[in-house]
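This briefing concerns charged side chains and their pairing. Please consult the sequence and the structure shown below.

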Amino acid sequence: MRVIVQEKDFDLREETEKIRQNHPEIGALVSFVGLVRDHGQGGKVLEMRLEHYPGMTEKALEALLSEANRRWEIVDVTVIHRVGRLPASAQIVLVLVASQHRKDAFRAAEFVMDRLKTEVPFWKKEKTAEGWHWVEAKASDEIAASEWIG
Amino acid sequence: MKILYFARLREAFGESEEIGFSEEKTVSEIIDMLTARGPEWAVEFSKPYRVAVNRKMANFDVKVSNPDELAIFPPVTGG
């Protein structure tokens, strides 16, 4: 299980290879990559800045992965989330779940992303033609996260 | 007690501050105290926010005291 918060970019292939080589028993690898969309709440996004809470962010991600591990049969999982300045189309987040079977990997990857969006301390600020503004949390994300309760 | 602010609240109030008090207080009592500091504080606390105590998401009725770390921030928007 790896949790990394970093400014630099990540390489999906490199991360996939690390898991593949360490775990010959896996039959499924599900990856999710979140990107900076060029169109945000305030129009065309020129740039984004991501802030986090050092110490808590990592802890919250680890707690989330432990919960995923309790709920599904997971062999390994990597989460990398970037912070700092990111241009449009940049990679923001990687969730990589390895499992013996695909269903556990799919479910766990979706769970991690849904819950990350509502309970892990990251904040996005977008730059548009009008200047910088903080991205507002979406009610649809709260609903998606709440569907995993129970 | 250390209070940390993030994102919109950090821009308004600064990164952190130390406050001391003699007995345990609930998080909402501390928020009331901060809100009473002036209109710029009241404005920020009229918008949605969340709290964490000792780096864990918390409710407003949690009791805190001097050794605790309280963080106040807008609803998160990562991913």
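Glu17(B) and Arg37(B) form a salt bridge with closest N and O atoms 2.8 Å apart; a salt bridge is a side-chain nitrogen of Lys or Arg within 4 Å of a carboxyl oxygen of Asp or Glu. The pair links distant parts of chain B, 20 residues apart: Glu17(B) is in strand S2 (residues 16-18), and Arg37(B) is in the loop between H2 and helix H3 (39-46). Helices (H or I, at least four residues) and strands (E, at least two) are DSSP runs, numbered from the N terminus. This is a predicted model, in which local features need pLDDT of at least 70 and side-chain atom pairs count only at pLDDT 80 or more, while totals for chains, interfaces and linings use all residues. Side-chain values use heavy atoms, without hydrogens and water; residues are numbered from 1 along each chain, and chains are lettered from A in the order in which they are written.

**Accessibility of paired residues**
- Arg37(B) is partly exposed at 38% relative accessible area (buried: under 20%; exposed: over 50%; partly exposed: in between; 1.4 Å probe, protein chains only).
- Glu47(A) is buried at 17%, whereas Arg85(A) is exposed at 51%.

**Salt bridges in chain A**
- Glu47(A) pairs with Arg85(A) at 2.5 Å between the closest N and O atoms.
- Because Glu47(A) lies in strand S5 (residues 47-52) and Arg85(A) in strand S7 (residues 84-87), this pair ties together parts 38 residues apart in sequence.
- Glu119(A) and Arg115(A) meet in a salt bridge of 2.7 Å, N to O.
- Both Glu119(A) and Arg115(A) lie in helix H3 (residues 102-119), about one turn apart.
- Glu67(A), Arg71(A), Arg115(A) and Glu119(A) are linked in a salt-bridge network.

**Total**
- The count over all chains is 16 salt bridges.
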